[in-house]
Amino acid sequence: MPAPISLVERSPEASAEQIVASLKPPRQFDAATFESYRPDPAHPSQQEALERMQGVVDAWEAPKRRLFRKAPETKPGIYLDGGFGVGKTHLLASLWKAMPGPKYFGTFIEYTALVGALGYAETVQQLRGARIVCIDEFELDDPGDTMVMTRLLGELAEGGTKLAATSNTPPNALGEGRFAAADFLREIQAIADRFDILRIDGDDYRHRDVSGHAPVLTEAEIDAELARFDGTVALDSFDDLVAHLTRVHPSRYVGLVQGVRALGLRDVRTLQDQNDALRLVALVDRLYDQQVALRGSGTSLDRVFGEEMLGGGYRKKYLRAISRLMALAGEQP
């Protein structure tokens, strides 16, 4: 097996066009369609949401069909409000696939990172003319980012772009399962009247539990684990990787992990700096999108965010990252 590479040695560069072209559903949703969505009969709102989303495609992009059946009245934006693991992202990816292009799909963090990398005016220019822009995990914990995103979506909507969003939803967050629709509408008040709200109830089909801890391995065990994976694997010091993230713009984190099947992290520790922690959250999202297995030594991966951080304003963001870290720590070859 080839020796592991180092993510720290990667310095990905990408043009504006390449960054924008990467805005599409993560690979775990490659097979996501309306037909493959399986509503839970115990929660009728799931079937209702499926039918409504299919109706959105009909209303937005297939006017000829309305000669044969009446499409529901639909606003130019739709927001999926519900708990974790009820299939909101599946439905959002299905909508994206059903719509003609140009079209873009990204998380809230990806779009704000895009603005940070390109500047606001260039981001508008790159996205202008899109038939639909999908925003997964819309976040309300940073007023500045929310304001920028609201302004961006408002400009795109004025040009005829359709909008679709889901809520930021951490797993098992002790009753903090979602931002309610009222919170979303209040924070995006400038464009709130453009959105219809779809409520989706249900249980987390993944039944993920953020209790317990991710396995802590020795360095020899990390080496042995990485050797079990086919394809490219990477091995880095946790501190070196955290430092490297300060030198790579978050919009290019996807290039850091591109093609990597598993990542070993030596000497994981609890972070004390909020900026380091937020950059790590952005990296974890990209690792999760690419389903990169994680193995670590030192501190358990679910303890990388300190108690003070978990009690602060970014609590929901960190809880989502912890869930994803634990899921990736259990990923098998």
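The model is predicted, so local features need pLDDT of at least 70 and side-chain atom pairs pLDDT 80 or more, while totals for chains, interfaces and linings use all residues. Residues are numbered from 1 along each chain as its sequence is written, and side-chain values use heavy atoms, without hydrogens or water.

Start at strand 4, residues 162–167. Strands (E, at least two residues) and helices (H or I, at least four) are DSSP runs, numbered from the N terminus. Five of the six residues of strand 4 are buried, so the strand is largely enclosed by the rest of the structure. Buried means under 20% relative accessible area (1.4 Å probe, protein chains only).

Strand 4 pairs with strand 1 (residues 77–82) in the parallel sense, over four bridges. Pairing takes at least two DSSP bridges between two strands. Here Tyr79 stands opposite Ala165. Strand 3 (residues 132–138) also pairs with strand 4 in the parallel sense, over five bridges. Ile132 stands opposite Lys162. From strand 3 the chain passes through helix 6 (residues 143–158) to strand 4, in a right-handed β-α-β crossover. Right-handed means that, with the strands pointing away from the viewer, the path from the first strand over the helix to the second runs clockwise.

Now the rings. The whole structure holds three aromatic pairs. Rings of Phe, Tyr and Trp (its six-membered ring) pair if their centres lie within 6.5 Å; planes under 30 degrees apart are stacked, over 60 edge-to-face, the rest tilted. Tyr314 and Tyr318 pair edge-to-face, at 6.5 Å and 70°. Both are buried. Ring pairs link Phe305, Tyr314 and Tyr318 into a cluster.

Key
Buried means under 20% relative accessible area, exposed over 50%, partly exposed in between (1.4 Å probe, protein chains only).
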